[in-house]
Amino acid sequence: IHAVLHTIEFQKRGLPHAHIIFWVSTDTTQPTAEFINSFITAEIPDPANDPLGYALFGEHMVHGPCGSYNHNSPCMKRNHCSKHYPKLFQTETVVDTNGFAVYKRASNARFVIKSNTRLDNRWIVPHNMTLLKKYQAHINVEWCNKSIFIKYLFKYVTKGPDCNKLYLQRVLDGQDTPIDEETNTRNEVKEYLDARFICPYDSCWRIFGFEIHRHFPPVARLPVHLPNENYITYHANTNMSHILSQEYLRRTMLIEWFVANQVHESARSLTYTDFPSEWRWDEKRDHGNKDIDTVA
């Protein structure tokens, strides 16, 4: 694993679950079916060879039943499964033109019984058997190697908590909904409040100080700017002439990268984004100095 990003989410119905993105160190620009299958499967294991996997799989990784088997399933929207189950049988794992992985789903004799319904490989949620056996819980694993999906996942894992719109009304002497006197209409600003929704489990999670978000490795934003147009921070009552006279405020990571390329031959082989891997930005605001040192 090269990098990881995860966040904990609480739905209104209760217990926490995690959204996790892994970056593997292997080049995945042109993934093969064998490589994807080494991480993800969407098929029923052989109960004779793997009875534990078959039992856990039947309990946690089977979708539905829905559709014609159960029109009242929570996934049903307009008489169709919102998760697009059942899937089609697939002889081999492929990556389609849109970048989606279509997992192998063999048409064989294996099946599981759920809610008195016989379900085959078309109803299987993609998963990793090692994770399933270790945590014995529902863990959906999907393949992603397109930038558009990564952007979506970043947005999804950082979307923040659920929010509620609350209606608050204080009734005094039979007064009705607040009215704006100028327009003679309802004052919706006074009528509604936007608030964050925190369920009891979320509250306990935060009280005990458990992690909500984590990423590895640490990421630092490198500033990019035109000459003399870098951002600085100062107090509102600071004399502007004094600020402009401080030469060290003009020294930024970008400027010092150019300087290091002029002075140090070893720095010329590193791009701006690779520069922090061998050089360290040492900012000492109390002394008014900013220096770049080599990483030991």
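How many bridges join β1 to strand β13, and in which direction do the two run? There are 4 bridges between β1 and β13 (residues 213-216), and the strands run antiparallel. Before I go on, the caveats. This is a predicted model: local features need pLDDT of at least 70, side-chain atom pairs count only at pLDDT 80 or more, and totals for chains, interfaces and linings use all residues. Residues are numbered from 1 along each chain as its sequence is written, and side-chain values use heavy atoms, with hydrogens and water left out.

Some terms. Helices (H or I, at least four residues) and strands (E, at least two) are DSSP runs, numbered from the N terminus. Two strands pair if DSSP finds at least two bridges between them. Buried means under 20% relative accessible area, exposed means over 50%, and partly exposed is in between, with a 1.4 Å probe and protein chains only.

Back to β1, which covers residues 3-10. As for cover, 8 of the 8 residues of β1 are buried. That holds for both faces: Ala-3, Leu-5, Thr-7 and Glu-9 are buried on one side, and Val-4, His-6, Ile-8 and Phe-10 on the other.

Next, helix α8, residues 253-263. Its buried residues include Leu-254, Glu-256, Trp-257, Ala-260 and Asn-261. They lie on the same side of α8, because they cover an arc of only 165° around the axis, taken from the directions from the helix axis to the C-beta atoms. Gln-262 and Val-263, on the other side of α8, are exposed.

Leu-244 belongs to helix α7 (residues 240-244) and is exposed, at 54% relative accessible area.

Now the backbone. Which peptide bond has omega near 5°? It is the cis bond from Gly-64 to Pro-65, and Pro-65 sits in the loop between α2 (51-60) and β3 (76-77). The bond from Phe-216 to Pro-217 is also cis, with omega near 0°; Pro-217 is in the loop between β13 and α7.

His-84 is not a glycine, yet has a positive phi of about 65°. His-84 is in the loop between β4 (80-81) and β5 (94-95) and is exposed, at 59%. Ser-115 has a positive phi too, near 55°. Ser-115 lies between β7 (112-114) and β8 (117-119), in the loop, and is exposed at 57% relative accessibility.

Last, the cysteines. With a disulfide taken as a pair of cysteine sulfur atoms within 2.5 Å, the count is 0. Cys-199 is in no disulfide, and the nearest cysteine sulfur, in Cys-204, is 8.8 Å away, which is too far for a bond. Cys-199 is buried, at 4% relative accessibility, whereas Cys-204 is partly exposed, at 40%.
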